[in-house]
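Here is a short report on one protein chain. Keep the sequence and the 3D view side by side as you read.

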Amino acid sequence: MDGPEDFDAFYTATARRVVHHVYALCGDLAEAQDVTQEAYARAWQRWSTVGAYEDPEGWVRTVAWRLTANRWRGLRRWFAARTRLGRETPAPGPNPDRVALLAALRRLPDAQRLVVVLHHLHDLPVAEIARTTGMPEGTVKSYLSRGRAALAVLLTDDKEEVDVGTHW
């Protein structure tokens, strides 16, 4: 895969999944779309190399994840400025289950959240998650187990405070 037509086909086949992946990680659809667009722009610039990778979509997901992580501070400043301006855009509310899931995912440590999203929302096997993230398979399994346990507690109706841990 090295021509513009190949990139177009790749983009068409994978962009929606990558947007959903990033949205699950950051909880903001506009930000997810922006970061995904930037990740694909970077893939296009390096398409002769990226297109030859075994998993070009995994490369784009990784770039998008890194861009998302780097943008958190800027996003927080943007929300603070927007709040100070007092502008609220009326929009229909999201599904309550989705809100609860995204809120619970945000409470997980970054590495656990990444592993849970890749496994449960993208149906990636443990071995592929390990290869994509560079983590040992045992670490992926551990994060997956801890993430599931934390989500089980966070998604119950019992509202007691939960410490999900911050260690990697």
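## Ground rules

This is a predicted model: local features need pLDDT of at least 70, side-chain atom pairs count only at pLDDT 80 or more, and totals for chains, interfaces and linings use all residues. Residues are numbered from 1 along each chain as its sequence is written, and side-chain values use heavy atoms, with hydrogens and water left out.

## Overall fold

The protein has eight helices and zero strands. From the N terminus on, its elements run α-α-α-α-α-α-α-α. Here helices (H or I, at least four residues) and strands (E, at least two) are DSSP runs, numbered from the N terminus.

How much of the protein is buried? Buried residues make up 40% of the 168 residues. Buried means under 20% relative accessible area, exposed means over 50%, and partly exposed lies in between (1.4 Å probe, protein chains only).

Start with α8, residues 137-154. The expected span of a helix is 1.5 Å times one less than its number of residues. The arc is that of the directions from the helix axis to the C-beta atoms. An α-helix has 3.6 residues a turn, so residues three or four places apart point the same way.

Now take α5. Its twelve residues should span 16 Å, and its end C-alpha atoms are 17 Å apart, which agrees. In α5, L102, A104 and L105 are buried. Seen down the axis, the buried residues of α5 fall within an arc of 165°, so they line one face of the helix.

## The largest pocket

The largest pocket has a volume of about 610 Å³. A pocket is found on a 1 Å grid over the protein atoms alone: it is an open set of points where a 1.4 Å probe fits, with protein on both sides within 12 Å along at least five of seven lines. Lining residues have an atom within 4 Å of a point. Grid points are joined across faces, edges and corners, and the volume is the space filled by probe spheres set on the points.

Which residues lie nearest the centre of the largest pocket? They are Y23, G27, D28, L29 and F79, out of 21 lining residues. The elements that give two or more residues to this lining are α1 (4-26), α2 (29-45), α4 (56-85) and α5 (96-107). The most come from α4, with five residues. By class, the lining has 13 nonpolar, three polar and five charged residues. Ala, Val, Leu, Ile, Met, Phe, Trp, Tyr, Cys and Pro count as nonpolar, Asp, Glu, Lys and Arg as charged, and the others, Gly among them, as polar.

## The second largest pocket

The second largest pocket holds about 260 Å³ of space. Its lining is made of H20, H21, Y23, A24, L29, R98, L101, L102, L121 and H122. Both α1 and α5 supply at least two residues each. The most come from α1, with four residues. Six lining residues are nonpolar, three are polar and one is charged.

## Residues to find

A polar atom of its side chain lies 2.9 Å from the backbone oxygen of G58. E57 is also in α4 and is buried, at 11%. E57 and A13 are 44 residues apart in sequence and 9.6 Å apart in space, C-alpha to C-alpha.

In α1, find V19. V19 counts as buried, at 15% relative accessibility. The C-alpha atoms of V19 and L29 are 7.9 Å apart, with the two residues ten apart along the chain.

Finish at D123, in the loop between α6 (110-121) and α7 (126-133). Is D123 buried or exposed? D123 is exposed, with a relative accessible area of 63%. Its phi is near 55°, a positive value in a residue other than glycine. Most residues other than glycine have a negative phi.

Notes. Polar contact = N/O pair within 3.5 Å; in protein donor to acceptor, adjacent residues only side chain to side chain.
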